[in-house]
Amino acid sequence: SADAAIRECRPNDIPGLTKKCPELRHIYFNGRAAQQLFFRFMPADLVENAGIGTHRLPSTSPAYPLAFEDKLDAWRAILHGLKM
């Protein structure tokens, strides 16, 4: 579960997803590595031009030293986003 173990990552087709799902308004990242990889592989203007917000959440990995309850509270931000 360590980010250092990531070797040959391949990005998902997020540009294709935004075309198929134009109602997509927010992308949540499971930790810092996911966020960094997203912005490394995606066109810089992808989220800005589509009006998509982004938010990094704490990693769910057991290697990330944050209490479960604190992770859960942070991840509840998605519920707020769904109610918008």
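Excluding neighbours within four places in sequence, A77 is in contact (heavy atoms within 4.5 Å) with Y28 and L57. The structure is a predicted model, in which local features require pLDDT of at least 70 and side-chain atom pairs count only at pLDDT 80 or more, whereas totals for chains, interfaces and linings use all residues. Residues are numbered from 1 along each chain as its sequence is written, and side-chain values use heavy atoms, with hydrogens and water left out.

A77 belongs to helix α5 (residues 77-83); helices (H or I, at least four residues) and strands (E, at least two) are DSSP runs numbered from the N terminus. The relative accessible area of A77 is 25%, and A77 is therefore partly exposed (buried means under 20%, exposed over 50%, partly exposed in between; 1.4 Å probe, protein chains only). The C-alpha atoms of A77 and H55 are 9.1 Å apart, with a sequence separation of 22 residues.

Beyond its neighbours within four places in sequence, V47 contacts I27, F38, F39, I52 and T54.

Ring pairs require centres within 6.5 Å, with planes under 30 degrees apart counted as stacked, over 60 as edge-to-face and the rest as tilted. The F29 and F38 rings form a tilted pair because their planes lie at 55°, with centres 5.1 Å apart. The rings of F38 and F39, with centres 5.0 Å apart, have planes at 90° and are therefore edge-to-face. F29 is buried at 4% relative accessibility, as is F38 at 9%, whereas F39 is partly exposed at 41%.

Notes: Phe/Tyr/Trp six-rings, centres within 6.5 Å; stacked < 30°, edge-to-face > 60°.
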